Amino acid sequence: MRAIGKRIAAIAGGLLFFFVIGSIYQPYLKAISMAMSADRPRPYPMPKKLAAGMVKVDDWFVVARIDDRTFAIGEPRYGQCNFAYLMIGRDRALLWDSGPGDRDISRVVAQLTTLPVTAMPSHLHFDHVGGLRYFRDVALPDVAGLRARAKNGKLKLRRFEFLGLIENRKSPVLRVTRWISKDAEIDLGGRKLRVLGAPGHTDNSLVLLDEASGNMFTGDSIYPGYVAAFLPGADLHAFRASAARMAMFAKPGAGLFGGHGCIGVEQGLGIPRLPASDWKHLERALDQALKPQPTILLPRTLPLREDLILEAKAPWMSK
Ligand SMILES: [Zn+2]
């Protein structure tokens with residue numbers, strides 16, 4: 001009897017050990033499990049309906065004008081419907097995000113401006129940095145120790161920083177020509193942009209503020225759809241603080257232009273835009289996500305609205 005009792009205790013202890021270790025590394029296990037079935041997603045067909053103002057550039061890209069000096073460039077045939085944004089000044093232009101890089105986004109940019117272009121990603125995930133290789137001038141943020149890791153103007157991205165493993169993509173070496181410090185101002189000539197540090201989705205996430213219009217270009221920090229706060233490197237505490245800080249910059253009436261636009265495509269593909277007040281909603285959802293709740297189902301889904309859903313890891317595995 002004693003031997004059986006000991007055996008049961010050993011099995012229970014083993015299971016508990018694996019459960020605890022598995023939970024701690026859950027974001028990584030999630031990424032690895034996604035990687036095991038990974039393949040490049042097959043391109044979707046071009047959406048049948050485009051919203052007013054959205055035009056097809058070719059069989060891959062779509063473009064829409066936000067204002068006289070700002071364009072949204074979408075890749076709706078790519079599974080995550082990435083959107084990049086081209087900001088044009090008097091002297092130069094900035095491309096915010098660059099898509100997964102499956103097609104050459106610089107050719108679209110060249111149709112919209114003849115000015116010299118700097119490309120800069122909102123964060124370092126594969127679906128935002130893939131197109132940087134088509135540009136000679138690439139800016140990265142001087143945050144999270146990135147600059148110290150670069151050698152001779154080159155930065156090798158880490159596996160879980162790039163996350164391309166979930167689509168069977170190899171971590172690239174990025175060529176960097178400029179380092180932009182957090183909260184720095186970029187002057188494109190008669191047009192000022194501010195690069196705001198917004199850690200949370202990743203520790204190097206940024207939001208770009210167009211100072212004149214108050215519009216914010218938010219990458220994956222907020223966009224219509226499933227906002228991910230469960231992947232490796234995500235930090236719920238930092239995310240909540242960033243949402244609160246971004247809300248202070250948000251002008252009423254201005255838009256938050258996000259990095260993905262898959263939601264509502266059936267009704268017509270439009271620019272992924274949310275109201276500035278959604279930073280406050282996100283902050284509240286993150287508040288909720290940080291409250292301990294008994295659940296083994298992770299990531300936890302916190303719907304804010306039909307078009308805005310937070311997917312969060314457990315607070316104790318934040319980071
Ligand atoms: Zn993304």
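**Figure 1. Strand E15 gives the largest share of the lining of the largest pocket, 3 residues.** The view is taken from a predicted model. Strand E15 covers residues 225–229. Two helices also give two or more residues to this lining, namely H2 (26–36) and H4 (126–129).

**Figure 2. The largest pocket has a volume of about 490 Å³.** In total, 24 residues line this pocket. Those closest to the pocket centre are Gln80, Tyr223, Tyr226, Ala228 and Glu311. By residue class, the lining holds 13 nonpolar, 6 polar and 5 charged residues.

**Figure 3. Helices H7 and H8 pack at an angle of about 160°.** Helix H7 runs over residues 236–249, and helix H8 over residues 278–289. Two packed helices are described by the angle between their axes and by the distance between those axes. For H7 and H8, the axes are 8 Å apart. An angle over 145 degrees counts as roughly antiparallel, and H7 and H8 are therefore roughly antiparallel to each other. The crossing in which H7 passes H8 is left-handed.

**Figure 4. Residues of H7 meet residues of H8.** On the H7 side, the contact is made by Leu236, Phe239, Arg240, Ala243, Ala244, Met246 and Ala247. On the H8 side, the residues are Trp279, Lys280, Leu282, Glu283, Leu286, Asp287 and Ala289. Of the residues in this contact, 10 are nonpolar and 4 are charged, with no polar residues.

Conventions:
Residues are numbered from 1 along each chain as its sequence is written. This is a predicted model: local features need pLDDT of at least 70, side-chain atom pairs count only at pLDDT 80 or more; totals for chains, interfaces and linings use all residues. Side-chain values use heavy atoms; hydrogens and water are left out. On a 1 Å grid over the protein atoms alone, a cavity is a set of points where a 1.4 Å probe fits but cannot get out, and a pocket is an open set with protein on both sides within 12 Å along at least five of seven lines; lining residues have an atom within 4 Å of a point. Grid points are joined across faces, edges and corners, and a volume is the space filled by probe spheres set on the points. Helices (H or I, at least four residues) and strands (E, at least two) are DSSP runs, numbered from the N terminus. Ala, Val, Leu, Ile, Met, Phe, Trp, Tyr, Cys and Pro count as nonpolar, Asp, Glu, Lys and Arg as charged, and the others, Gly among them, as polar. Axes are lines fitted to C-alpha atoms, for helices over the stretch in contact, and angles run from 0 to 180 degrees between N-to-C directions. Angles under 35 degrees count as roughly parallel, over 145 as roughly antiparallel, 65 to 115 as roughly perpendicular and the rest as oblique. A crossing is left-handed if the near helix is turned anticlockwise from the far one by less than a right angle, and right-handed if clockwise. Contact means heavy atoms within 4.5 Å.
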